[in-house]
Amino acid sequence: MNVDVLVIGGGNAALCAALMAREAGASVLLLEAAPRVWRGGNSAHTRNLRCMHDAPQDVLIEAYPEEEFWQDLLKVTGGLTNEKLARLTIRASSTCRDWMRRHGVHFQPPLSGALHVARTNAFFMGGGKALVNAYYRSAEKLGVQVRYEAPVERIEIKDGRFQAAWVQGERITARACVLAAGGFESNRDWLREAWGQNARGEWPSDNFLIRGTRFNQGVLLRHLLDDHGADRIGDPTQAHMVAIDARAPLYDGGICTRIDCVSLGVVVNTEARRFYDEGEDFWPKRYAIWGRLVAQQPGQTGYSIIDAKAVGRFMPPVFPGVKADSLPELAQKLGLDAATFMQTLNDYNAACRVGTFDHTALDDCHTEGVTPAKTHWARPIDTAPFYGYALKPGVTFTYLGLKTDDTAAVRFGDQPSDNLFVAGEMMAGNVLGKGYTAGVGMSIGTAFGRIAGTQAAKFALNQGVLHANA
Amino acid sequence: MQTLEALTRDARALANGAVVLTAPETEVARQLQICNACRYCEGFCAVFPAMTRRLEFGKADIHFLANLCHNCGACLHACQYAPPHEFAVNVPQAMATVRGQTYVDYAWPPALGRLYQRNGLTLSLALAAALALFLLLALAANGTLWGGKSEGGFYALFPHNLLVGLFAPVFLWAVLALGLGVRRFWREVTPATTGQPVSAPAAAEATHDVLRLKYLDGGHGEGCNNADDAFTLARRRAHHLTFYGFLLCFAATSVATVYHYVFGWTAPYDLPSLPKLLGAVGGVSLLLGTAGLFKLNLQRDPQHGDAAQKPMDLGFIALLFLTSASGLALWLGRGTPALAALLAVHLGAVMALFATLPYGKFAHGIFRTAALLRHAVEKRQPNTLALGAD
């Protein structure tokens, strides 16, 4: 089997690459490891794209200029980013949507409960799976060959140049190749290796849940890094990681397993003690740090505790909370030491300085004389019924990846490959060294998927001309 | 097996006067709890925005939402939790199952609600009986089904008063039964949808949504799903042809009635008379629309809707098709010896159609219109929830 461009992966970045390469005139084969029903990787769980825009644009209100987007990224990554690639991503996000629409993606105004990103994020109507479906339909219509259940085990590289990929004993050659096969978050062994053992003797990652696909095993990522010595970027413990309902399934729990009531109550660990300021900032700005916070707690477990006053003020959770008519009863139902729990709650309740509660603003309700402090939305937890939600870290995707440049080339010994490119989670760590801001994963995947597809087609078609002339 | 424990719990709850959800209702409530935590599908239709106004789903909420659902399939194909995901979310199917149950529950008189459950059989028997009736009547009046005194026109075979005497009670019964059924539905869902009365703007919006079949446009105008994840306007168009075709045929009959009683002009009418014009256009439209709907129904993704209701859907479509086809055949064959047979078949089809209207697929239009009207009322009221992120 021989094609111009081989795309390995089946999510947003892979599809963007395949579509761009096909539009440029290359023959394209896309290999998706998952069966058709599970296609699309983590993209099927996404919901929006963070977009730069200088003026209101269809579903996007006001403006979100390049500089502000960049500052947001700088802040969440703590500087662990590549400004050139970040700005490239940001600029690309301002122009890609017409192309996306041409391939069947529909945008809509923000969902209820997500108005806080009405200015910065364009929502996909129906979410990421609708986007993935649209891209596959468009790809098939344009003549992209798609194979499901086609996991690539290894690739052949000679002098930094892609030669062929091996799928279940079949050797597939191509003039150029795009790697867009995701991070390694679904690989439990690798997570264990990366996170190691903590001072308590626990293997923290054993308690992690994976919010997305089970197919991101990182086979090619490891193969490229270890067997081919590709240049690497990022730390294997860095990931998009949030605190989710501990009852979520091991894989594919997606958005609905989030717990949005943290800032309305307190969070304790298995020792029934608080460990972080629950009211530091708006939840949408803080949810992405709570995965790591919970990962650092004993048993990698936390408990979000609220009272009746919070009900109806946060997005309804997928599983009902543990409900009790008194706080000691709640502690007992959650399996927490009631005495410690009551001390924690009594201390907190006594420390609350309630001003004018407003969960839609950074209000003046705060604590005094308790550590850690709760700096906003601090109200005593005193109104039955009480609810508790057990939390565990939920990994969305890992940031360890292949180092790249503005051509999306894979690099070996700091030299770019002519014909091997990378996009999506496999290189997101170039832009996201740590932290996260909503919708930026899709911005990176779309920008670099399109670049990788274009570059791969360019190389493949030039090669074709060379061959024809030879 | 439904466990003894669950049955005992339900029995206790019933004894305490609590409202017990049926298994299909419980399934809708379970799925909506997941949907309400996700909300990706809000842009597709009215169901999801209505859902976000609620944190819990009681019986009346579920009945309301189930009838608001148009079974367009968009949310199933877009769903990250659809089977084989362990959450097994299939909203169109769960809603369709409850919808079928509501038709039975709200049927008037209640005893006839079970006609929905074996609706294929109901329609077949009704059709067979109605055909037999008219064929025998024709035979009795004409002596033969082929030729005979057909030159004398329809009324030589079936006196006008006989037809009125047969059809008027059946039609009035259908109107009464559907009216009483939907009244019960309305009374149950009104308190669950703010309880506010219908305003003119709400009525106008609901009328618009019904007449344009707004919620088969996919939210983006490219249509709903049918065979797969691709969008198509075919279903909406075929339904329009069917719906407006039916209305035109009905208008033709109504105008003819006025002609007969007010002006004393008796049938048959020919082109370019108004009844014939309405009937011809309506008949062709109904024929094309039902043919389209039948084909689309067979091509439908098997995950859409409730498989148990397929005979009801197809039976109703087939009966409408037969009505329009026999009507058009009657027009074309009126000067031939086949008139008596054609007339008997057409009248039999129409009779079966009207007799089964309150206990078949037709009810969906009535209940969905009521749900859309309640939705239009509810969405105009302030939302009592204040979710943090907003």
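Predicted model: local features only at pLDDT ≥ 70, side-chain atom pairs only at ≥ 80, totals over all residues.

In it, helix α5 of chain A covers residues 128–142, and 11 of its 15 residues are buried, so the helix is largely enclosed by the rest of the structure. Chain B, for its part, contains 15 helices and 2 strands.

**Helix α5 of chain A**

- From its first C-alpha to its last, α5(A) reaches 21 Å, which is close to the 21 Å expected for its 15 residues at 1.5 Å a residue.
- The buried residues of α5(A) include A:Gly128, A:Leu131, A:Val132, A:Tyr135, A:Tyr136 and A:Ala139, and A:Lys129, A:Asn133 and A:Ser138 are also among them.
- Within chain A, the cover over these buried residues includes α1 (12–23), β2 (28–31), β5 (121–124) and β6 (145–147), while chain B contributes its own α5 (74–77).
- Just after the helix, A:Gly143 takes a positive phi of about 95°.

**Chain B as a whole**

- Alongside its 15 helices and 2 strands, chain B has a radius of gyration of 23 Å, close to the 21 Å that the globule rule gives for 390 residues, so it is as compact as a globular protein of that length.
- Taken along the principal axes, the C-alpha atoms of chain B fill a box of roughly 75 × 45 × 40 Å.
- Of the 390 residues in chain B, 45% are buried.
- Among the contacts in chain B with a separation of 6 or more, 73% are between residues 24 or more positions apart.

Conventions: Residues numbered from 1 in each chain as written. Chains lettered and ligands numbered in written order. Helix = DSSP H or I, 4+ residues; strand = E, 2+ residues; numbered from the N terminus. Expected span 1.5 Å × (residues − 1). Buried ≥ 20, exposed ≤ 12 C-beta atoms within 10 Å, placed from the backbone. Contact = placed C-beta atoms within 7 Å. Rg over C-alpha atoms; globule rule 2.2 N^0.38 Å.
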